[in-house]
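User: I'd like to learn how to read helices in a model like this one. Can you walk me through it?

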Amino acid sequence: MNASPKLSLCMIVRDEEEFLGRCLASVRAVVDEIIVVDTGSADRTAEIARSYGARVFNFTWRDDFAAARNFSLDRATGDWILYLDADEELVLEDAARLRPLLDDPNVNAYLFQTISFTGDTPGPARVSCVHLRLFRNRPEHRYVGAIHERLPIDPHSGLAYRNLRILHYGYLTGVVRSKGKIARNLKILRHLAARDPDDPFTLYNLGTEYLRQGHNRQAARAFARAQKLIDAASGWAPELAKKYAICLMELGDYTGALDQLNKSLEVYPDYADLVFLQGCCRHRQKLYSSALAAFGRCCEMGSPPIFYPSDDGVTTYQAVFCQGLVHQDLKNYNRAVEYYLQALKMKPDYRPPLLCLVQALTVGENDRELLTVISERLECPADARFFLATHLAAARRYTLAQEQIGLIGEKAVPPAELSLLRGICLLGIKRLREAAEILMLISPDSPAYPRALLHLCLCDWLGPAPREASVWLRRLGRVPGWRVESEVYGRFHRLVTGTGRDTGREAAFSPVRAKRHISRILDLTGKLFELDRPDLARLAVSMAGECGERPESLAQVGRMAADFGYFFEAEEFLRKARMGGLRDVAVELELAALRIKSGQLRSAGRSYREILEAHPQSLESYLGWARAFIEGAVKALDAGGNKFRGMWTREVQALRSLPLMAAPDRLLRP
Amino acid sequence: MGETGIDRIERMVAFRSFARAMSEIRLAEASDGVSPELAYLQGMSLLGLGREDEARVALERIGPGWRRYPEAVSLLLVCAWISDDWPASGAILEKLALAGADKYRLSAARHIHRLLMEGGGFGTISHDPEDSRNYGQAILEFVEWLLVGGKPDKARKTAKLLALVNWSDGLAQAEALYTAFEINDISGGDGSAGTALTGRCLLRPRLSLCMIVKDEEQDLKRSLGSIGGVADEMVVVDTGSTDATADLARRLGARVIGHVWKEDFAEARNRSLEESLGDWALVLDADEELHPDDRELLRELIRDRNAEGYLVRMLNLVGGSSAPDVENGISLRLFRLRPEYRFTGALHEQIAENIIKARPGAILAKSALRIVHHGYTDEAITAKNKKHRNLKIAQAEVEKYPDDRFRRFNLGIEFMRLENWAEACEHLAAAREGPLGTYWGSKMVKAHNLCLIHLNQINRALLQISSDLLTFPQLTDLVYLKGVGLQMLGRWSEAADEFRRCLEMGPAPVPPYAGVEEGLGGHKAHYALGQVLETLGDRTGAAESYLKAARAHSGWLLPVECLAKLILRSEPAEADEMLEKLFGSAQPDELALLAELFCAGRAYELGLKSIGRIMENGQGGDRLNYLKGLCLLKLTDYRAACQEFLKVPPTSPDYRNAAVRACFCLWADDRFEEAGAFLKSLGTERALQADVAEVFLQEAVEVLEEGLRRFPDSEILINTLGRLKGGTVA
């Protein structure tokens with residue numbers, strides 16, 4: 001026993017050929033023996049295991065994780081046991097620190113930090129928690145629990161944490177789906193719950209699976225029961241609290257969620273994830289100040305203690321980004337931009353703030369300056385720059401998008417995609433001929449081809465020879481999967497060129513795809529408003545009537561018209577939407593804002609008052625109402641036909657330069 | 001000469017009232033002889049008065065033994081710089097080195113000497129932040145002294161050294177100094193339209209007069225009269241007048257707030273600030289008045305967006321009122337009303353430092369505004385001395401007849417008039433030893449117990465009152481005092497019981513008793529009971545008591561004010577209930593006052609209800625029409641509001657306001673043509689148009705403020721409000 005203690009790696013596997021190699025490679029050098037228990041693989045798993053020198057045993061799976069794991073423990077001959085799953089890997093730098101841990105006579109077991117990747121690829125989205133993974137090989141150290149099995153080791157007897165990390169790949173979206181884990185787990189869990197309906201751990205696990213599938217109501221029920229039965233000292237109690245709160249929040253029960261969070265924070269005051277969720281709830285309730293306070297607190301808290309499962313970035317870039325979002329809703333655009341930039345600096349590969357920054361570009365005054373800063377911040381330039389250019393074009397900042405395109409290396413992005421983007425930008429700034437020339441060069445093999453055809457149609461309709469568009473439409477008709485677009489654009493072509501003669505003879509759109517038709521028609525309408533052709537836009541809208549004109553679509557058209565300065569059309573469509581029975585704050589706000597524009601202060605004021613009576617948390621109404629009054633003051637000073645007109649120019653100018661008056665109209669929209 | 005004397009002079013110097021400081025210094029020297037402290041203050045004052053040669057003489061007298069000797073030598077150096085005496089400056093520099101000045105002061109002095117004499121150039125002076133800071137502060141001290149000496153150009157030149165130091169605050173602090181000395185780029189700048197415009201508020205700021213009073217019926221009319229029409233409201237905190245002060249103030253248009261005097265000036269002043277609703281506060285005492293020529297200037301000053309407050313000139317009238325001498329002083333009397341700006345100091349209350357503390361960098365500008373103080377005129381002093389004269393007589397009497405208890409009782413009463421409670425208590429305690437007749441005995445025990453309460457010996461007073469009540473069982477005043485004592489101990493429900501007992505007993509019968517105060521068995525007891533019940537949370541009970549108090553003493557409006565506040569603070573349902581009860585019994589003038597107070601408290605629905613009730617009874621008046629219009633306007637029923645405003649006849653004082661608001665209503669109701677025509681019909685005054693615009697802006701401000709309450713972090717709300725109201729909104 002004087003020699004260095006012996007370490008056995010134990011694991012249970014089934015069809016793990018994809019991951020097993022990585023796992024075993026990470027620990028091969030530190031362990032003395034590898035015990036692999038195979039519960040019925042059909043692939044090369046056993047073969048791979050043996051190639052790393054593992055002793056492989058077969059074990060018949062009987063829906064009980066603990067039994068399988070204990071079977072592997074029984075086979076181990078070492079003094080210590082390291083436990084890993086096949087989809088895990090020991091962090092390379094930490095492997096070297098592992099052996100010395102075995103010599104500490106005061107420790108019976110070690111906790112490891114497990115970092116689970118949760119997105120599509122191993123990246124910034126990750127959750128970390130702690131698990132017991134290294135322990136002395138003693139007969140009493142055996143697992144219990146058919147699923148989410150645990151080792152019954154007393155936390156007060158020689159448990160230690162030495163910062164060793166394990167990476168876990170099993171929660172990546174693709175992996176979860178391919179392995180059918182959810183179905184498997186649900187099956188086991190339902191079985192367990194039927195046997196012992198009052199086991200809080202089972203209920204908790206059941207809730208977790210429901211939550212993962214988006215069955216929030218069922219999840220809430222399971223969590224609520226689990227919480228009633230749970231022993232507060234359980235290691236998984238904090239996570240239950242967090243998941244239950246998420247669940248309530250997703251169900252829209254913010255008061256309940258906050259209640260839950262407040263109670264939990266009394267028990268786990270340093271669990272930053274809970275504070276982060278408080279912020280999310282407050283934000284959704286539009287209680288912006290307390291949301292800001294919560295996210296600010298997250299940033300001050302620092303990472304939560306290691307034994308809490310924590311989402312990556314809740315005390316850093318995510319909390320900062322969320323503060324930006326709140327400021328955006330508060331219309332503090334400049335502040336929002338600061339936060340986005342800060343978040344981007346903390347985490348350059350985190351995309352949401354980048355997207356928000358592009359959107360912020362459409363309202364700010366210092367666009368170019370900001371764009372330079374963004375470009376500087378971006379790492380992996382070509383790819384991110386293309387992303388930036390695409391979103392700039394979507395935000396109709398074509399000139400800025402063109403500049404970014406100019407900076408992209410030719411090879412970095414598929415050339416057809418780049419040409420498409422170039423064409424869209426040229427069309428946007430109404431250089432129709434050049435746009436068409438570029439778009440025409442896109443090869444039919446490219447995935448960008450159908451979109452290029454659609455834009456080519458627009459080029460022709462807006463140009464001197466609308467009939468020419470028929471060429472593109474014919475080609476579009478031959479591309480599989482673009483039938484709806486082909487129908488909508490074809491119908492519109494006949495309307496524009498007058499070749500359809502009598503709409504009554506047109507075949508009706510298929511009702512099955514009505515939704516998709518409408519959405520394409522609306523896209524087209526928006527584009528036409530943008531290209532300053534309200535006449536064509538009206539024509540496009542008229543097609544929507546066939547699909548059953550829904551008030552939501554009309555409202556959308558109204559908003560688009562207002563976007564591009566066609567206030568008369570905007571009001572018309574919004575009113576129609578309202579007459580169609582649509583009751584929506586956004587529509588009411590838009591109409592009220594239009595009334596200020598047309599000088600109907602009384603009805604503007606009344607609209608805002610009515611909105612506020614129903615929705616007191618409407619920042620836009622306060623802004624709009626105040627704006628109406630200040631407009632009134634300007635009118636009183638500057639009204640036509642009065643004797644002192646022109647004597648107050650300075651005052652009028654000062655009023656017009658007030659922040660509220662000088663801000664873009666977007667301010668008055670939710 | 002005690003410590004406090006030096007402190008006082010020091011404060012005068014700090015406030016740069018150098019002339020007053022000089023006269024004080026002379027007096028102090030005459031009585032206590034010369035001291036280095038006095039010489040130093042004298043040097044500073046003379047420097048400030050532009051007599052730097054005399055200042056040097058004064059400062060030369062200070063010997064090296066004094067603890068602030070290096071400062072004195074530095075000041076001497078400044079005198080030399082001011083008079084361009086470079087040889088002397090060189091010599092003094094050497095003296096400074098020997099004087100044990102610290103290295104920062106020394107190198108600062110050397111650098112300034114070179115800079116001012118030769119215009120010498122320096123590289124970066126020091127890189128260590130701590131060093132830089134100390135060095136910078138030494139420079140700043142010299143800058144300030146040069147400013148005191150009236151040499152802004154030299155001060156500015158010196159301040160340039162700060163740019164060479166690694167201390168970022170330095171230049172900002174120098175700027176603040178310039179501002180304090182009115183060497184301000186903003187006010188003295190190019191005067192272009194742009195700066196002039198952005199430097200002023202768009203919305204007319206509201207001015208509140210804040211005054212604390214006690215027995216000021218002689219002076220009140222002059223002081224309130226001087227400010228009438230300039231201030232938007234007058235808030236008078238009465239700390240226990242026994243004369244007609246409160247009623248007079250109300251008649252002069254002030255809002256009177258009853259306040260229990262707690263031997264603390266700052267606390268009382270702060271109460272007056274808390275009760276004020278304006279954007280700016282003007283603090284005036286009853287024996288002061290605004291100079292009649294400065295009314296316009298006052299309005300102009302508060303339109304400035306940059307200043308947080310103003311030092312005003314105090315003209316202290318001395319001597320006979322026919323040809324008084326004038327002593328000049330400076331005092332901070334005009335400042336923005338912000339919750340964080342409060343007075344401190346129970347005796348010599350101050351606010352300037354607190355403003356700077358709450359808002360570092362706040363500009364407290366000097367102004368030419370004049371306040372005339374009559375408290376030092378012979379007449380005023382004579383009136384005050386009357387009490388002292390009476391005291392002297394009473395004292396002489398007691399010396400002559402030391403065993404006469406009645407004479408001793410009179411002496412106690414005189415001490416009480418002078419608020420010397422301890423002496424009064426002693427004499428009264430001695431006087432009451434022995435058998436007491438009902439007639440002046442009742443007066444005596446009451447006075448004695450009152451003194452005990454003032455001396456905060458409340459438990460002793462309570463015990464004694466209980467035993468005194470055995471002797472004077474029908475003396476309601478004693479029961480009332482007991483209630484007051486219990487109230488001060490926070491034993492609220494017992495206090496309530498005592499006041500209820502007062503009401504049961506009714507007023508004490510005057511024969512056999514004497515010195516019975518009016519109302520202690522009636523309206524005052526009702527009022528006191530109301531206050532106690534309010535503290536206890538019994539709103540309904542409190543409301544009833546206030547109403548009874550007002551009823552029992554018609555024309556006494558203080559309880560009605562309390563009532564309005566109580567209703568405003570209640571939940572809507574509860575408020576309705578209270579109001580319904582009130583409507584059953586209230587008098588029209590009470591309802592009118594309630595309506596007025598509801599409007600002031602922005603409770604327009606309540607206001608409308610009260611007005612409706614008065615009008616139902618067939619009563620009314622121009623004022624009520626105006627108020628009704630106001631309520632309707634605020635409730636955005638512009639059409640109805642307009643009708644009410646148009647009912648106000650040209651003879652009413654509210655006519656102009658009503659006309660402006662009628663015009664506003666037409667506009668806000670999209671009746672532009674009518675509005676234009678109406679405006680034309682009103683006459684040729686250009687300002688009318690601005691007034692209408694201002695009503696619009698006020699409505700905008702209310703909406704924005706309401707929004708800000710819900711979204712305190714919205715910058716666009718904060719900035720817009722800030723630009724509209726002037727200054728930044730905290």
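Analyst: Just after H8(A), Gly214(A) takes a positive phi of about 85°. This is a predicted model, where local features need pLDDT of at least 70, side-chain atom pairs count only at pLDDT 80 or more, and totals for chains, interfaces and linings use all residues. Residues are numbered from 1 along each chain as its sequence is written, chains are lettered from A and ligands numbered from 1 in the order written, and side-chain values use heavy atoms, leaving out hydrogens and water.

User: Is H8(A) mostly covered or uncovered?

Analyst: Helices here are DSSP runs (H or I, at least four residues), numbered from the N terminus, and buried means under 20% relative accessible area with a 1.4 Å probe, protein chains only. H8(A) is mostly covered, with 12 of its 14 residues buried; among them are Phe201(A), Leu203(A) and Tyr210(A). The cover includes helices H7, H9 and H10 of chain A.

User: How do the axes of H11 and H12 of chain A cross?

Analyst: Axes are lines fitted to C-alpha atoms over the stretch in contact, with angles from 0 to 180 degrees between N-to-C directions. For H11 (residues 254–267) and H12 (residues 272–284) of chain A, the axes come within 10 Å and cross at roughly 155°. That makes H11(A) roughly antiparallel to H12(A) (angles over 145 degrees count as such).

User: Which residues make the contact?

Analyst: Contact means heavy atoms within 4.5 Å. Those involved include Leu258(A) and Leu261(A) of H11(A), and Leu274(A) and Arg282(A) of H12(A).

Methods: Buried means under 20% relative accessible area, exposed over 50%, partly exposed in between (1.4 Å probe, protein chains only). Helices (H or I, at least four residues) and strands (E, at least two) are DSSP runs, numbered from the N terminus. Angles under 35 degrees count as roughly parallel, over 145 as roughly antiparallel, 65 to 115 as roughly perpendicular and the rest as oblique.
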